[in-house]
Amino acid sequence: MSESGIVGIFPTPVMLAKGVIPPPLVQAMIDQFESSETGANVRTTTLSHTPMDSPRSHENYMAVLKHVAPKLREYGEALMGEVLDWGVKEIWINKMEPGGAQKMHNHANSFISGIIYLTGFDPSAGHGRSGCCKGRSCSVCSRSASRRWTG
């Protein structure tokens, strides 16, 4: 089931869109990472990634874009006040090891950056410790994966 919404808690709104990528495509992206040449991140040893590439370079990337494009247009309309034809310049897959963290960074020449989480959060990400669950059952905290994937 797909669920999405735009939250205006920052000067730039943040969109959360759950269930946009169907499970078979999620698995195909994980398999793609496992069979790809990867490199270590220059800032941390807990992050590895495929090379940055054109979205047209792989059929999985094209399939992801098909599912993400309507959400990108929706977000762009909220951000700019009109429907625009957005494009994706680069795409890649990251793998974060348990306990890892991404350093603050920016993506040059990009107006919007996005992340697609292919698996649940590892407990080392600290979800729940900040009080988000307040002792209730939380679907995010109950999901645990041995690895955290982003793309």
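**Stop one: the core.** Select Val20, Ile21, Leu25, Val26, Met29, Ile30, Phe33, Tyr61, Val64, Ile91, Ile93 and Leu118. These 12 residues form the largest nonpolar core. A nonpolar core here is a set of buried Ala, Val, Leu, Ile, Met, Phe, Trp, Tyr and Cys residues joined through side-chain atoms within 4.5 Å. Buried means under 20% relative accessible area, exposed means over 50%, and partly exposed lies in between (1.4 Å probe, protein chains only).

Now colour α1 (23–35) and α2 (59–80), the elements that give two or more residues to this core. Which element gives the most to this core? It is α1, with 5 residues. In soluble globular proteins, nonpolar side chains tend to be buried together.

Stay here and pick valine 26. Setting aside residues up to four places away in sequence, valine 26 touches Ile21 and Leu118. Contact means heavy atoms within 4.5 Å.

**A word on the model.** This is a predicted model, in which local features need pLDDT of at least 70, side-chain atom pairs count only at pLDDT 80 or more, and totals for chains, interfaces and linings use all residues. Residues are numbered from 1 along each chain as its sequence is written, and side-chain values use heavy atoms, with hydrogens and water left out.

**Stop two: the whole chain.** Zoom out and switch to cartoon. The protein has 3 helices and 6 strands. Follow the sequence and the pattern reads β-β-α-β-β-α-β-α-β. Helices (H or I, at least four residues) and strands (E, at least two) are DSSP runs, numbered from the N terminus.

How much of the protein is buried? Of its 151 residues, 27% are buried. Among contacts with a separation of 6 or more, 64% join residues 24 or more positions apart.

**Stop three: a pocket.** Select Pro55, Arg56, Leu65, Val68, Ala69, Leu72, Arg73, Asp85, Trp86, Gly87 and Val88. They line the second largest pocket, which holds about 170 Å³ of space. By class, its lining has 7 nonpolar, 1 polar and 3 charged residues. Ala, Val, Leu, Ile, Met, Phe, Trp, Tyr, Cys and Pro count as nonpolar, Asp, Glu, Lys and Arg as charged, and the others, Gly among them, as polar.

A pocket is found on a 1 Å grid over the protein atoms alone: an open set of points where a 1.4 Å probe fits, with protein on both sides within 12 Å along at least five of seven lines; lining residues have an atom within 4 Å of a point. Grid points are joined across faces, edges and corners, and the volume is the space filled by probe spheres set on the points.

Now pick valine 88, one of the lining residues. Valine 88 sits in the loop between α2 and β5. Leaving out residues up to four places away in sequence, valine 88 touches Pro55, Arg56, Leu65 and Leu72. Valine 88 is partly exposed, because its relative accessible area is 30%.

Select methionine 96, in strand β5 (residues 94–96). Is methionine 96 buried or exposed? Methionine 96 counts as buried, because its relative accessibility is 7%.

Move to the loop between β5 and α3 (139–142) and pick asparagine 109. Its phi is near 60 degrees, a positive value in a residue other than glycine. Asparagine 109 is exposed, at 74% relative accessible area.
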